[in-house]
Amino acid sequence: MKTTDWTGILLLTCLTLCSCDFTGLQTRYSDSTLWYDNGRTIDPDKADVFYVIPSCIYDWNDSTGTVQHNACVEDSVQRVRMSWSFDTGNEIFADSANFFSPYYRQITLNAWSMEAQERDRYLELALDDVRSAFSYYLDNLNGGRPFVLAGFSQGARCALQLLREMAPEVAERMIAAYIIGYPISQQDLDNCSLIRPASGATDTGVCIAYSTVTDTNAATDLINGNNAVIINPASWTTDTGSHRLNDSVSVRIDSTKMLLVASGVDPMSAYRPKLSGIIPIGNLHLLELPLYSDRLKANVKARISAYQ
């Protein structure tokens, strides 16, 4: 397995002249090149993980010079930009499971700064790809095995929508859903019986969700707004006590804002000036996976074991 440099957060500017027919592209998930390849063969005795990666690229110019706000899954440069996110998901979620993760026409990092109505146009294209990939996975790759649904940031938004739309017979095989770095609202809880908050380390058929800050004033509506589901990965509990993550970091739940508050983390460690409009200083959105990587890896294994 590849070793990731956690400090090398892959958020680099992508200005690419993509030769694909972007507007006419029909994503076909029978094409193996549209899936991340971790070099492993499928083990029919293991559970699966279906993982959706976060935003990885900035706006780019196509071959006509037009600025595009969705990724081109055929472009080699953009695929390299996505590789860190695929590798990160693989390292965390594939230790005890078969790992399936699609390339999709995700929206760019710039697009998150758009007004919601305009942004949603581009998000719908990304979501359509993820829907298609998940459908193909269930029909052709899953083989009836139990699975974990997971996503981070934009990927969590897509995974949450898959959960909202999931058929009951599919949900019976879902071990858990990791919806990380994107809010699950009270409306979601009221409207979808499949969205049930996790309350411990080994409950199944539940949603594991959290967002972390060093200061609650660093929370933003886009990333943290209207959140109603939270669990502390340092303890896998929902109490408000402070729990040790490691020798230097402690994490507690702020139940008023439904956020994790981390002590002992440099607030600048997740700050990127190019993203200051959506991720202010003190918001640890970019560290949601690496900060808790060991706890997440162990927890996926524990929930799979509990399900089995």
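**Close-up views of a predicted model**

**View 1. Surroundings of D48.** Residues up to four places away in sequence aside, D48 touches A97, N98, F100, Y137, L141, N142, R145, P146, F147 and V148, a contact being heavy atoms within 4.5 Å. D48 lies in strand β1 (residues 47-52); strands (E, at least two residues) and helices (H or I, at least four) are DSSP runs numbered from the N terminus. With a relative accessible area of 0%, D48 is buried, a term for values under 20% (1.4 Å probe, protein chains only). The side chains of D48 and N98 are joined by a polar contact of 3.0 Å; such a contact pairs N or O atoms within 3.5 Å, one able to donate a hydrogen and the other to accept it, and residues adjacent in sequence count only if both atoms are side-chain atoms.

The model is predicted: local features need pLDDT of at least 70, side-chain atom pairs count only at pLDDT 80 or more, and totals for chains, interfaces and linings use all residues. Residues are numbered from 1 along each chain as its sequence is written, and side-chain values use heavy atoms, leaving out hydrogens and water.

**View 2. Helix α2 and its packing.** The buried residues of α2 are R119, Y122, L123, A126, L127, D129, V130, A133, F134 and Y137. They pack against β1, β4 (97-100), β5 (147-152), α3 (154-165) and α6 (221-224). Just after α2, G143 takes a positive phi of about 65°.

**View 3. Contacts of F50.** Beyond its neighbours within four places in sequence, F50 is in contact with residues including W35, F100, P102, V130, A133, F134 and Y137. Others among its partners are V148, L149, A150 and L162.

How values were computed:
Buried < 20%, exposed > 50% of the residue type's maximum accessible area, 1.4 Å probe, protein only.
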